[in-house]
Amino acid sequence: MSNRNFHGSVFFISLLISASSNAQSDYYTLDDYAKVDKIDTHIHITTNRDAFVEQAKKDNFKLLNIVVDLSKGPEFIEEQYEYGMDQKTRHPDDFEVATSFSIKGWDEPDWMEKTIRWLEKSFDEGAVGVKVWKNIGMVFRDKNGDPVMVDDPKLDSIFNFITEKKKVLVGHLGEPQNCWLPLDEMTVNNDRVYFEEHPQYHMYKHPELPSYEEQVAARDRMLEKNPDLVFVGAHMGSLEWSVDELAKRLDKFPNMSIDLAARIGQVFYQTIEDREKVRDFFIKYQDRVLYATDLADNGSMDADALQKQLHDTWLLDWQFFVTDDVMTSDRVNEEFEGLKLPKGVVDKIYSKNARKWLKMFPDQ
Ligand SMILES: [Zn+2]
């Protein structure tokens with residue numbers, strides 16, 4: 001009898017110990033930051049210096065460098081691509097590249113063939129995907145003066161080629177909804193600064209151009225036509241203002257995921273309004289969200305200042321996702337509480353989803 005009691009209490013104590021150690025290990029802490037493998041899936045390096053990658057290695061981040069068609073022609077794309085490939089060659093375990101293509105020459109008969117040839121070369125050299133940028137839909141006009149939208153049938157040949165090659169399309173299409181609002185009605189401070197500095201992209205001032213709704217609708221029609229295309233909606237798929245709207249698209253398009261690049265402010269903003277809703281979104285769509293920042297290095301910033309900016313940005317985001325600390329950010333004007341997501345969700349958002357959707361570092 002006493003023997004049974006003894007065993008019973010040992011069993012009970014060991015249950016208690018395993019329950020409490022489970023509770024402790026369900027969540028990461030701020031101190032786990034450097035220990036956990038992480039990938040930033042949206043950065044821009046256009047320099048040969050190593051300051052960015054060195055800080056990333058210290059902070060246990062791997063990187064996806066994204067080339068962008070800034071409407072300056074193919075030479076400018078090749079230049080960014082070469083910077084990226086140089087970094088990838090020197091840091092193969094930590095650095096991947098997504099290429100892009102130039103819209104310049106769109107009306108010329110050999111544009112398609114040249115574009116496919118360029119993409120093929122990029123894929124042969126290891127690019128994991130292709131970025132399509134907001135100049136499609138917002139800036140570029142064809143020979144008739146009409147904006148070319150991303151669901152233009154001519155682009156389907158390119159998207160088919162990307163699908164055939166089992167690569168990924170990263171789409172920055174449209175802009176945050178704030179872009180169509182006056183500066184004083186924008187939800188986050190970083191958008192206010194950006195559109196004040198880039199009035200050519202501030203659509204509130206350009207009512208003659210396609211609306212926010214038209215940009216998102218063209219993207220949705222493109223995805224409807226290309227169900228097998230693996231698509232990463234950069235900048236929260238331009239639906240950064242509402243996790244409900246985003247959830248609708250993720251439900252509708254099973255091959256769509258999103259990156260968080262430069263839209264964490266909108267996540268903070270929605271967390272101020274309804275933390276549980278935002279937290280539920282990240283848990284429900286834990287397989288569809290990629291951590292990303294849009295941090296950049298063009299070689300002009302002092303290396304120490306750049307490294308501090310990288311570390312501070314990454315660490316603040318980590319604190320937000322893993323703790324329930326009450327926090328502040330210069331992007332929003334009120335306090336908000338961290339989401340304290342479970343470890344399994346954090347691991348997916350911070351690296352597993354990037355490895356799955358973008359096939360990054362397949363040999364690791
Ligand atoms: Zn970017």
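Predicted model: local features only at pLDDT ≥ 70, side-chain atom pairs only at ≥ 80, totals over all residues.
View A. The strands here are DSSP runs (E, at least two residues), while helices are DSSP runs of H or I with at least four residues, and both are numbered from the N terminus. Strand β6 (residues 230–233) and strand β7 (residues 256–259) run parallel to each other, joined over 3 bridges. Two strands count as paired if DSSP finds at least two bridges between them.

**View B. The open sheet.** Here 9 strands line up in the order β8-β7-β6-β5-β4-β3-β2-β1-β9, with parallel pairing. At the edges sit β8 and β9, each of which pairs on one side only. Strands of a sheet pair through backbone hydrogen bonds, either parallel or antiparallel.

View C. Three residues hold the zinc ion: H42 (NE2), H44 (NE2) and D294 (OD), at 2.1 to 2.2 Å. Donors are N, O and S atoms within 2.8 Å of the metal (3.2 Å for Na, K and Ca), and water is not among the atoms, so sites may look incomplete. Along the chain the donor spacing reads H-x1-H-x249-D. H44 belongs to strand β1 (residues 38–45) and D294 to the loop between β8 (289–290) and β9 (296–297), so the pair links parts of the chain 250 residues apart. H44 is buried, at 17% relative accessible area, whereas D294 is partly exposed, at 26%. Buried means under 20%, exposed over 50%, and partly exposed in between (1.4 Å probe, protein chains only).

**View D. Around H42.** H42 also lies in strand β1, and with a relative accessible area of 0% it is buried. Beyond neighbours within four places in sequence, its contacts include L64, K131, H235, D259 and D294. Contact means heavy atoms within 4.5 Å.

View E. Buried in helix α7 (residues 189–197) are N189, D191 and F195. Looking down the α7 axis, these residues fall within an arc of 160°, so they line one face of the helix; the arc is that of the directions from the helix axis to the C-beta atoms. Their cover includes α11 (264–284). E196 and E197 are exposed on the other side of α7.

**Notes for all views.** Residues are numbered from 1 along each chain as its sequence is written, and side-chain values use heavy atoms, leaving out hydrogens and water.
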